[in-house]
Amino acid sequence: MALKIVKGSIDRMFDKNLQDLVRGIRNHKDDEAKYISTCIDEIKQELKQDNIAVKANAVCKLTYLQMLGYDVSWAAFNIVEVMSSSKFTYKRIGYLAASQCFHEGTDVIMLTTNQIRKDLSSPNQYDTGVALTGLSCFVTPDLARDLANDIMTLMSHTKPYIRKKAVLIMYKVFLKYPESLRPAFPRLKEKLEDPDPGVQSAAVNVICELARRNPKNYLSLAPLFFKLMTSSTNNWVLIKIIKLFGALTPLEPRLGKKLIEPLTNLIHSTSAMSLLYECVNTVIAVLISLSSGMPNHSASIQLCVQKLRILIEDSDQNLKYLGLLAMSKILKTHPKSVQSHKDLILQCLDDKDESIRLRALDLLYGMVSKKNLMEIVKKLMLHVDKAEGTTYRDELLTKIIDICSQSNFQYITNFEWYISILVELTRLEGTRHGHLIASQMLDVAIRVKAIRGFAVAQMATLLDNAHLLTGNTQRNGICEVLYAAAWICGEFSEHLEDPMQTLEAMLRPKVATLPGHIQAVYVQNAAKLFATVLRKHDGETESQAAQETSQLLIDRLPLFVQSANLEVQERASCILQLVKYIQKLQQKNVEVAEEVTALFAGELNPVAPKAQKKVPIPEGLDLDAWINEPPSESESEDEKPKAVFAKEEPKHSRSRHTEVDEKELARRREVRKQEQANNPFYIKASPSSQKVYDAPGVEHIPVVQIDLSVPLKVPGMPMSDQYLKLEVERRQKEKAERKKKEKKKKREKRGKERKADSGPESEEDITPAHQVDIVTEEMPENALPSDDDDKDPNDPHKALDIDLDKYVPYCRHLQFIHVLHIVYDIQGNHQDESKVVVSVIFENKSDSFLKSMEFNVLDSLNSKLQRPEGAGAHDSLTVPFQLPPGQDTHAFLFVSSVSVSIVAVCIDCFLMQSDESSTHEKLDFKLHFTCTSYLITTPCYSDAYAKLLESGDLKGSSLRLEGINMPFHHLLARICFHHHFSVVERIDSCASMYSRSIQGHHVCLLVKTTVSIDAKCDEPSLLGNVLDEIKQTFSKC
Amino acid sequence: MMRFMLLFSRQGKLRLQKWYTATAERDKKKMVRELMQVVLARKPKMCSFLEWRDLKIVYKRYASLYFCCAVEEHDNELITLEVIHRFVELLDKYFGSVCELDIIFNFEKAYFILDEFLMGGEIQDTSKKSVLKAIEQADLLQEEDESPRSVLEEMGLA
């Protein structure tokens, strides 16, 4: 044996330590993988040794390799071994490795429960600390359930070092095991007023995280936090509290009003930018939630905007960025206050930092109005030309389109201008957003009827100059616009000046190099154009032009018939056949135009996104049910050979079908029409949507005469500028006219009041260049209005939505009507086994101030209040705080000592209170100590457990729970949690559990999925009581 | 709450990673790679914040090392920047003008310091002093573990 150890130690001297490994890796840069694989082999050898120091060294090296990206999950068990070393040095390494490598899927985690529990209750605070830190990284639902009680106890540890860690880890425990939130909450709340600032800030952190997810449950804490906010000087804590208020105010507007003042004070006084930023953000959030019903908040908004302007003007890029970010929040509710800083925002577009430019762009989106849209977009177009790097330029492009198209083109007064902007954007090289421009073109052309004439002309020019767009293979993205151009020209071909020319442009051989889906649209729309041309020449007998057109199609279409793209091929051959047929008719001088046009009759209306999804499934319709029962497989097998011999049969039956007479057919058609009319899924010509188009007057809107032959490029000046100029002129003219009218009115009024000139034009003054009818998207008639299909059902925070003010079944409540509300909780004490800790929360429900309170217990044989040294046997404890009237809640902790046998006992207590007029009152109450309070969650290994059961010292008893329908693991969790048991082993349908009373009595349970509990204990009275309490717990749910 | 913290070098070598939410190994690797690319591609004069997936990234470069934190949408960027700075100060105090090599060769120490400073993605202690004290005490404990054992003792001969 000794020899073996000596050998191990000598080996160890030659082992690589971490430094050697790191150095080695750095020296083997060329063959790192090979070097590391030899290292891993060495590590595997080291892990096989008994020496824990060697193992720890190996695990440390593995942790390093894990960071480099190597899989070390195979060593999980070794990590657990190192974790359970008694030496802090190794334990520390073990926990570090575990926190880096373990996750919920690691199966050895279940082996760690007892080890962690042991470490948590270690007398050495650093052992406990290391265990808590590690656990915070890899806590699983099982661990959370088993250890929740232990950690809760640690929240009242004497050392603040442990307390703060315990408080912080509770958040992770809540997430994994939501049931623990309610019982732990009183203690957590208590920690908000911990004497140690670290513990206090930890508690603030945890409650803030909780409250941010489910704010409504934490409203009652607002007064306490308010006090903290006005008294704390720690910026880290202040930021958290202020953030918390930001989450609470939307639910309680009164709170917001109260907050504004201290927050503005902080904004004025603080020098810390982080705090300033947080305050500004929260003020904005508060004002947003208050936006109605608070008259005097414009000052606060002004203050915020002012401060943000300072941030944006700062040379620090970070502050600039955040300033813009916060500005965009104000913009949503108070656009006017931000719009006055347009100059500053536009300046930011020139910043060398791209992320700042993007933020500024975001802001511009919200800042546009009818008045400044054209100007802003002009600036942006300049930036597009200057921009380096395609990503930023693409971003600019999307922003321009977003800005213009927002809220249904609300800010566009001149659609010719917008179309020309879109056409200009097609000149961008290498953009990825061709489809975006295309969809805008389609959208505008379809929805703004008045613009179609202009749009079609522009698109025709685009088609004619298609070689400019497709010439460069790099500019492939942009050829998407040809898709839109072809469709628009085809669909609205009646507006085309020279359809023949466009048709020719669409059938050029070069088109065959375009992507398939675009070619398909080309072919289809060529047919529409063909129809238009025919109609144009309708009535002319023996029209040469019409026949030439047919010939053109017949000549060019075969190119598409050969296309590799199936859709192009199909459409081309269909249309080719059609045209050939038409040509024959033309040669016979048959009028065809009308019939060909009829092929493309009818409007295509825009359909709202999600329209289909929003139609509710009618009652009684099961979409998963078979319409016709599918033939069973055996049947079809039987049928196959039959069919070979019985070919004649089906023919008969089919012929019978066709014998239906005309009358019957007409009847059926009628029935079908009826059905379709009642069927929400059948797309029919709805009279209501038709109305939108037939609105009187739309057709007769005067359209500004525009020179349709605007070339694609105007030398020297982009053409959208022309519209800008036109628009400005128009507006000035309008303004002048309006003034004239006003003057007239004034003259009529004899100029009694000289009204100042209306100064800056208000939004309403700007009239669109021509009345536009923006068609809204269609929605099915019975669509549901709700839009909340984006919520994540798997959000872990959902489970934490627990109303904490509700009465808690496992903390006991006492209420003295109108005066005092007391909540208390009893826990065994790990340090001293003869004591239990009673936590009490007093809540003053009266209107008067409770100045001093005294608390006393009438000592009995079973229980005694632990009094400070030197106090007499009957002296009472002074409660060390005063209770102002109202909701304020305070917590208080004391220890009571216990002796003799443990049965449920009641302690007679009384509380003396006095208020200002010094009236004394004595309140008597009983604290009910359940047996469970005396149980301490104690780990037990299965072999020890088996020995205990075999010893025969234990008396048995059993219990059946009726009417329980919860999953088995929930049942176990409840027993663990409420009655301080731990699971020793779980095998299929039963689980063994163990707990120990503070006086050392063992309690063993065997819980079966049939919800029967067999219990054994060396103290029969304790056993009976515990079982009764378990029964009670489950009768409550 | 902070989701994770990464330290990596100018060359894109990971020096430290701490994840405060359980993440599968594969996702971790993917995220680290992606994020390193994004951050390293940024120009020196750019601001320290960026939006990435549903997270906010706050990073700062100290000498050859990038310190990079991912925080949630409602977290305060400036305070996160301060957290990074505080961590660097702590490393500096502990190692005595820290450099990248210190962190490479004593990576476990760097983790211990981080663990005393942050836990579960939240700041554990806002006081530098108490963090350093905790580390010192724990180190002392470790030395006690190691020092009294002579080679002979270790061999089981004493």
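## A tour of charged residues

Select A:Arg213 to begin: this residue is partly exposed, with a relative accessible area of 22%, where buried means under 20% relative accessible area, exposed over 50% and partly exposed in between (1.4 Å probe, protein chains only). The model is predicted, so local features need pLDDT of at least 70 and side-chain atom pairs count only at pLDDT 80 or more, while totals for chains, interfaces and linings use all residues. Residues are numbered from 1 along each chain as its sequence is written, chains are lettered from A and ligands numbered from 1 in the order in which they are written, and side-chain values use heavy atoms, with hydrogens and water left out.

B:Glu72 is buried, with a relative accessible area of 5%.

Staying in chain B, select B:Glu34 and B:Arg53, which form a salt bridge whose closest N and O atoms are 3.0 Å apart. B:Glu34 lies in helix α1 (residues 25–40) and B:Arg53 in the loop between β3 (49–52) and β4 (55–62) of chain B, so the pair ties together parts that are 19 residues apart in sequence. B:Glu34 is partly exposed at a relative accessible area of 28%, and B:Arg53 also counts as partly exposed, at 47% relative accessibility.

Return to chain A and select A:Glu46 with A:Lys61, whose side chains meet in a salt bridge (3.2 Å, N to O). Because A:Glu46 lies in helix α3 (residues 32–48) and A:Lys61 in helix α4 (residues 52–67) of chain A, the pair ties together parts that are 15 residues apart in sequence. Both A:Glu46 and A:Lys61 are buried.

Finally, select A:Glu504, which is placed in helix α29 (residues 499–506) of chain A and is partly exposed, with a relative accessible area of 28%. Not counting residues up to four places away in sequence, A:Glu504 touches A:Leu552 and A:Arg556, contact meaning heavy atoms within 4.5 Å. The C-alpha atoms of A:Glu504 and A:Leu552, 48 residues apart along the chain, are separated by 7.9 Å.

Key
Helix = DSSP H or I, 4+ residues; strand = E, 2+ residues; numbered from the N terminus. Salt bridge = Lys/Arg side-chain N within 4 Å of Asp/Glu carboxyl O.
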